[in-house]
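Please have the coordinates open as you read.

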Amino acid sequence: SIQKCHLMIPENNKNHHTEEISTEKLIVRRGQPFTITLSFSAPVHNYLQQMKKTFLIVQTGPHSSEPDEIQVEFPISSLGDQKQWSAAVEEQDPNFWTLRVNTPANAPIGQYTLLLRASKSSQFLGSFTLLFNPWCRDDEVFLANEVQRQEYILNQDGIIYQGTENAILAQPWDFSQFEENMVDICFILLALGEHFQREKDPALRKNPVHVCRAVAAMLNCNEFRNLTKYDPGQQYNGTPPSKWLGSSPVLQQWIASKFQPVRYGRCWVFAAVLCSVLRCLGIPTRVVTGFTWAHNTKSSLSVDEYYDEDGTLLTQDKSARVWTFHVWNECWMARTDLLPEYSGWQALDATCQEKGKGLSFCGPAPVHAIKEGDTQVDYDVCYFFAAINAKCHVWIHKADDTLKPAFGGTKYTGNNISTKGVGSERCEDITQNYKYPEGSRQEKRVLGKAYRNMKELETTSSSSSTQVIFIPTAQEEPVNLFIQLQSSSSLELGQDITLSIQVFNHSDIEKTTHLVAGIQALHYNGVPIAQVWKEEFYFNLQSNSVNNLQVSVPYTWFGKELGENHLLRLTAVLQDEDSSYVYLAQEEISICESPVTIEFPENIVQYEPSTAKISLQNPLMEPLEQCVITVAGRGLIHRQRNYRLGSVQAKSTQELQIPFTPTRAGPRRLTARLTCLQLQNLKSYRTTTIAAA
């Protein structure tokens with residue numbers, strides 16, 4: 001009998017790139033062998049004869065007799081088959097055997113029990129967790145580039161992009177996919193997602209598409225969801241989405257509350273948590289931001305925005321609207337269920353969609369299919385295609401309840417799609433992966449193909465809820481008047497807005513005009529918060545002339561109305577009093593600069609006490625009240641710390657000393673978040689390199 005089984009956890013986990021997940025549990029990747037040593041209670045002299053009578057058993061769950069569990073029994077040989085479950089003796093003497101255990105590259109991921117059967121009795125050897133393996137050429141998630149594997153599997157420090165397409169704001173996020181208990185939490189999430197989808201066959205877990213869909217379903221389904229979506233205007237009875245600094249606190253809270261939904265999440269929180277779970281399970285994943293995103297278009301290539309005559313954005317259509325930005329995921333895998341060209345990056349969106357039928361998340365959709373307009377391809381290519389190719393038409397809601405088209409107000413979606421660069425903190429523009437250049441011959445071909453595909457789907461589908469893609473025709477715009485709106489695309493905190501409006505009269509006659517300029521504070525998903533400024537101008541425009549207006553709007557007029565994403569929409573509505581034509585120009589700006597800076601000493605050594613300096617500079621003409629700085633840094637400080645600063649006087653700086661003792665070497669990031677009465681969601685981060693002890 002076996003006296004002891006040594007699972008050789010440090011060596012195996014290091015070879016399988018899982019040493020950061022655990023040093024106490026055996027965690028291995030499929031398609032790659034691991035080694036165990038068996039010590040016998042009595043010497044085994046007839047090695048070959050004993051080997052023929054000895055088998056290994058791997059099984060999921062405690063009882064292999066259950067129909068929804070996996071059990072595989074295989075002999076121990078002198079060679080072993082690397083393509084399937086097998087075991088080979090690498091070293092042996094009468095007192096111990098060293099075995100190499102092979103796992104198939106398509107084995108279902110999961111938590112397994114390992115047993116040894118000799119004669120009729122079985123003996124428990126230990127437990128191990130099996131993950132996807134992007135290092136294995138035969139695995140569907142194989143990723144050939146080592147630098148990309150380091151980024152999309154092993155990197156725990158993320159950046160999520162927000163702001164506007166002209167002023168992109170980098171927000172830090174700690175994916176913490178290898179933190180304590182994370183792998184166990186991920187498998188609980190997966191199991192509940194499968195339960196929700198009524199897919200209980202554990203053999204399905206060999207397929208990364210199934211795993212992605214099960215986890216995405218778990219994040220937003222009504223019955224079991226992990227996160228509750230926050231809707232603008234509702235009162236916070238939980239953590240505001242902008243306050244989360246990483247995935248681990250979200251998932252730990254979910255476990256501690258016995259699977260109660262965590263309040264609250266928005267698209268970037270859904271995408272970040274999904275990225276953490278899939279990286280932990282071994283699927284290469286990244287977070288992607290699309291600027292100017294048409295949400296809930298139900299596959300239509302046209303979406304409408306409504307303004308009143310003063311340029312105030314209205315919310316008549318509560319479901320379909322243009323978001324300033326939207327965040328989703330991409331996962332890397334071979335799509336064995338589709339043609340070979342659809343393998344590679346797959347778009348996956350865990351944010352709730354209002355779909356005619358089926359689950360409320362979208363994907364995984366091949367990015368190549370989105371670019372080529374292959375809207376019939378699984379899963380949900382049509383929704384991604386519409387969201388980044390829809391044209392937004394602007395309508396003016398007149399006082400008499402009629403709608404008039406606003407000329408010049410047409411917006412195009414999907415203008416910038418970005419993600420964090422590989423091995424760096426730079427922003428990488430990946431728009432070309434999703435669409436051809438605006439106005440190009442290829443774009444027209446793709447739009448035509450998508451329209452034909454959707455029309456065909458409409459005629460063959462028995463479901464009346466499926467909607468055909470509508471390709472809008474361009475409105476005939478009168479060329480007599482033209483309006484241009486210019487402002488800095490990003491502001492520093494406390495900075496006034498300087499607005500330049502130019503009105504051109506290209507006609508040969510004088511024009512009587514009425515201009516209304518305004519500014520609205522906006523949520524990231526197109527929902528207005530408040531109108532912060534409005535001014536009217538009446539003037540006669542001479543023929544073939546231009547009128548220039550310069551307006552300055554003080555920060556004090558809009559600073560208190562900013563939402564958590566610090567977005568403002570500037571509008572100018574021009575009424576031609578002679579023809580009743582209406583012209584509109586709009587711009588979005590964001591406040592990008594955080595008043596918090598972080599400084600590290602030059603040399604920091606692992607396990608040696610050190611101090612970071614955080615400075616809060618108040619740029620406003622009033623005190624910042626009830627200031628709290630929250631600091632987090634995995635491997636630098638243990639858990640989040642809150643520092644209460646009270647009031648910071650106008651135009652003054654307050655410094656904070658942060659003592660820490662780094663426990664891990666290599667690049668480490670410190671994040672600081674400022675919360676006060678006047679401001680929300682202002683984060684700063686700094687990365688330093690810790691020298692190994």
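A cavity here is a set of grid points where a 1.4 Å probe fits but cannot get out, and a volume is the space filled by probe spheres set on the points. Keep in mind that this is a predicted model.

The structure holds seven cavities of 30 Å³ or more, and the second largest cavity contains about 80 Å³ of space. Which elements supply at least two residues each to the lining of that cavity? They are helix H3 (146-154), strand E10 (157-164), strand E14 (285-295) and strand E23 (416-420). E10 gives the most, with three residues. Among the lining residues are Glu151, Asp157, Arg279, Arg286 and Lys420, along with Ile159 and Phe175. By class, this lining has four nonpolar, three polar and five charged residues.

Next come the open spaces. The largest pocket has about 930 Å³ of space. Its lining is made of 29 residues, and Glu179, Ser248, Arg634, His638 and Arg639 are those nearest the centre. Strand E11 (167-174), helix H6 (247-256) and E38 each supply at least two residues of this lining. The lining of the largest pocket divides into nine nonpolar, 11 polar and nine charged residues.

Now for the helices. Two packed helices are described by the angle between their axes and the distance between the axes. Helix H4 (residues 182-196) packs with helix H7 (residues 267-281) at about 105°, and their axes are 10 Å apart. Angles of 65 to 115 degrees count as roughly perpendicular, so H4 and H7 are roughly perpendicular to each other. On the H4 side the contact is made by Met182, Val183, Cys186, Phe187 and Leu189, and on the H7 side by Ser276, Val277, Cys280 and Leu281. This contact has eight nonpolar residues, one polar residue and no charged residues.

H4 also meets helix H5 (residues 208-220), where the axes come within 7 Å and cross at roughly 85°. That makes H4 roughly perpendicular to H5. Leu189, Leu190, Leu192, Gly193, Glu194 and Phe196 of H4 meet His210, Val211, Ala214, Val215, Ala217 and Met218 of H5. By class, the contact has nine nonpolar, two polar and one charged residues.

H7 leads us on to a sheet: this helix lies across E14, E17 and E18, running at about 5° to E17. Those strands belong to an open sheet of six strands in the order E19-E18-E17-E14-E23-E24, with antiparallel pairing. Strand E19 (362-366) and strand E24 (427-429) stand at the edges with a single partner strand each, so one side of each is left without a neighbour in the sheet. On average, neighbouring strands of this sheet are turned by 30° against each other, direction ignored. Within the sheet, five bridges join strand E17 (residues 321-333) to strand E18 (residues 344-349), and Met333 stands opposite Gly344 in E18.

Our last stop is an open sheet of four strands in the order E36-E35-E38-E39, also paired antiparallel. Strand E36 (641-648) and strand E39 (682-690) each have a single partner strand, so one side of each is left without a neighbour in the sheet. Neighbouring strands here are turned by 20° against each other on average, direction ignored. Nine bridges join strand E38 (residues 666-675) to E39, and Leu674 has Leu682 in E39 as its bridge partner. E38 also brings us back to the largest pocket, where this strand supplies at least two lining residues.

Methods: Residues numbered from 1 in each chain as written. Predicted model: local features only at pLDDT ≥ 70, side-chain atom pairs only at ≥ 80, totals over all residues. Heavy atoms only, no water. Pairing = 2+ DSSP bridges. Axes fitted to C-alpha atoms, helices over the stretch in contact; angles between N-to-C directions. Parallel < 35°, antiparallel > 145°, perpendicular 65-115°, else oblique. Contact = heavy atoms within 4.5 Å. Nonpolar A, V, L, I, M, F, W, Y, C, P; charged D, E, K, R; others polar. 1 Å grid on protein atoms, 1.4 Å probe; cavity = no way out; pocket = protein on both sides within 12 Å on 5 of 7 lines; lining within 4 Å.
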